[in-house]
Amino acid sequence: MIYHDSHVDSTTYSNRSLAFPAGGFSFVLTSYLAVRLDSISGMIRIVLWPFAFFAGYLMIGLLLIFLNQVF
């Protein structure tokens with residue numbers, strides 16, 4: 001489902017429409033990296049995973065918004 005933001009041009013998608021794809025991709029990516037990184041102890045991986053997920057969610061969401069505005 002795609003929402004149009006009422007505060008900007010109607011051709012620009014709002015970040016609400018890109019939240020689920022960005023969150024899903026960030027979840028898969030950070031979970032995979034948390035499992036595969038053996039050089040970091042397990043407790044540190046568990047503590048850092050939510051921060052990495054949120055940072056990835058923001059960056060991927062911003063990248064999707066940027067790509068949507070460019071194309």
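Let's start with the lining of the largest pocket. By class, eight of its residues are nonpolar, one is polar and one is charged. Keep in mind that this is a predicted model.

Which residues are they? Thr30, Leu33, Ala34, Leu37, Ile40, Ile44, Arg45, Leu48, Trp49 and Ala52 line the largest pocket. Two elements give two or more residues to that lining: α1, 19-36, and α2, 42-70. The largest share comes from α2, with five residues. As for volume, the largest pocket holds about 160 Å³ of space.

Now to α1 itself. First, its length. α1 has 18 residues, and at 1.5 Å a residue they should span 26 Å. The end C-alpha atoms of α1 are 26 Å apart, so the two values agree.

Next, burial. Which residues of α1 are buried? They are Ala22, Gly23, Ser26 and Thr30. An α-helix has 3.6 residues a turn, so residues three or four places apart point the same way.

What covers that buried set? The cover includes α2.

Turn to the other side of α1. There, Phe20, Val28, Tyr32, Val35 and Arg36 are exposed.

One residue ties the two topics together. Thr30 is among the buried residues of α1, and Thr30 also lines the largest pocket. α2 gives the largest share of the pocket lining, and α2 is part of what covers the buried residues of α1.

Definitions and conventions: Residues are numbered from 1 along each chain as its sequence is written. This is a predicted model: local features need pLDDT of at least 70, side-chain atom pairs count only at pLDDT 80 or more; totals for chains, interfaces and linings use all residues. Side-chain values use heavy atoms; hydrogens and water are left out. On a 1 Å grid over the protein atoms alone, a cavity is a set of points where a 1.4 Å probe fits but cannot get out, and a pocket is an open set with protein on both sides within 12 Å along at least five of seven lines; lining residues have an atom within 4 Å of a point. Grid points are joined across faces, edges and corners, and a volume is the space filled by probe spheres set on the points. Helices (H or I, at least four residues) and strands (E, at least two) are DSSP runs, numbered from the N terminus. Ala, Val, Leu, Ile, Met, Phe, Trp, Tyr, Cys and Pro count as nonpolar, Asp, Glu, Lys and Arg as charged, and the others, Gly among them, as polar. The expected span of a helix is 1.5 Å times one less than its number of residues. Buried means under 20% relative accessible area, exposed over 50%, partly exposed in between (1.4 Å probe, protein chains only). Contact means heavy atoms within 4.5 Å.
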